[in-house]
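Subject: Structure handover

Hello,

Please find the structure below. My notes on what was found in it follow.

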Amino acid sequence: MVATAATASFFPAASSSVESGAKSTKLGAPNLEGIKSKSGSGGGLKVKANTKAPSKINGTSLGLRSSAESVKNVDSVLSLSPRTFINQLPDWSLLLAAITTIFLAAEKQWMMLDWKPRRPDMLIDPFGIGKIVQDGLVFRQNFSIRSYEIGADRMASIETLMNHLQETALNHVKCAGLLGDGFGSTPEMSKRNLIWVVTRMQVLVDRYPTWGDVVQVDTWVSASGKKGMRFDWRVRDAKNGETLTRASSVYVMMNKLTRRFSKIPEEVRAEIGPYFLNSDPVVDEDSRKLPKLDDNTADIVCKGLTPRWSDLDINQHVNNVKYIGWILESAPQPILESHELSSLTLEYRRECGRDSVLQSLTAISGASIGNLGNAGDVECQHLLRLDNGDEILRGRSEWRPKHAKNFGIVGHVPAENA
């Protein structure tokens, strides 16, 4: 009985034809009188059937022209047969397909919830905004080095590192609850149309991270005289804690409307003062004077540099990170291919707007342009200026041969502060 039910569920037409055999002569079913059976040599049963549909029923011509049309007519007639217990059983193949679909969907969800990296250097998650550590005075954030943040040597670019520094500084202000209506401005600063602008920055790079590395950036704030504050950063390899980069910068206040520098109001000092960390700069200050270059003292002059719309920040001037790309425009190609930037000192003299046209000047110290590929450490002086001669930035860069094994030697990178 069970076998009959299972067979009927998969082949309902077969059972229906058997039950309707008694009515075949009245309904126009095929005449099955010519069925002959014969045993084969292998013991199987061979069936030979000669079927012929009647041409007339009750004197009416059926108009059947072919055996295919006859079979089609039989199927339509058999569909009208009364439903029984057997042919009303469900189609088990459809039920099995539904169960399989549910099982596969559940398995996929489980794999997503229980997913683990197959290699220890693979990371699961985006890193979020970061967190406050060390008694609420240090902000920490992790960054993964993306494929679009590396250069031809597979190392993160200096612009990538500078963007990480800027991002952590702004997120520090945000996590402290001091972010007002502006680019790092506090509520009291926003009331007075005050913004922060960077005036000086020093960066020391011990080692550049590569694609897929995760870096941990710590930043904190300290007082810098009566008119400014100092940001310090320490960048480590998140896997082993190795220090990769150290940087220090000085920010002062400027009126957003008059574009003039301003003292820090007492109300603003009261906002940011509790977050100041009393510490020395993480980078020893390079007190050497940055010389002014001109067409006669510069080895390379690159003209016609203009900002793009995407280079502007919400304070409507060119982001300070963009200046680094401009000074590298005039760096000699051999030094970019054979050396890597180990330190950078920048003095920002004037802001740059959307319609500015700039010139980038570079002078090379300690080596000739024709022998840069074989030179050891190289030092360059830089100047960014407008077409009318107004200075935008002065800078100094130091370069070491790529893949050098003298990272952190005395005289190159100052001793790490506690």
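The axes are lines fitted to C-alpha atoms, for helices over the stretch in contact, and the angles run from 0 to 180 degrees between N-to-C directions.

Two points on the source. This is a predicted model, in which local features need pLDDT of at least 70 and side-chain atom pairs count only at pLDDT 80 or more, while totals for chains, interfaces and linings use all residues. Residues are numbered from 1 along each chain as its sequence is written, and side-chain values use heavy atoms, with hydrogens and water left out.

The helix pair

The axes of helix 6 (residues 158–175) and helix 9 (residues 320–329) cross at roughly 165° and come within 9 Å. The two helices are therefore roughly antiparallel to each other. On the helix 6 side, the contact (heavy atoms within 4.5 Å) is made by I158, E159, M162, N163 and Q166. Helix 9 contributes N320, V321, I324, G325 and L328.

Helix 6 also holds H164. Is H164 buried or exposed? H164 is buried, because its relative accessible area is 6%; buried means under 20%, exposed over 50%, and partly exposed in between (1.4 Å probe, protein chains only). Leaving aside residues up to four places away in sequence, H164 touches F143, I145, E149 and V215.

The whole protein

The protein has 10 helices and 16 strands. Helices (H or I, at least four residues) and strands (E, at least two) are DSSP runs, numbered from the N terminus. Of its 418 residues, 39% count as buried. Among contacts with a separation of 6 or more, 68% are between residues 24 or more positions apart.

Cysteines

How many disulfides does the structure hold? There are 0, a disulfide being a pair of cysteine sulfur atoms within 2.5 Å. C380 is buried at 1% relative accessible area, and C175 is partly exposed at 33%.

Backbone

Most residues other than glycine have a negative phi. Q134 is not a glycine, yet has a positive phi of about 55°. Q134 lies in the loop between strand 5 (131–133) and strand 6 (138–144), and is exposed at 52% relative accessible area. R154, also not a glycine, has a positive phi of about 70°. R154 sits in the loop between strand 6 and helix 6 and counts as exposed at 52%.

Regards

Key:
Parallel < 35°, antiparallel > 145°, perpendicular 65-115°, else oblique.
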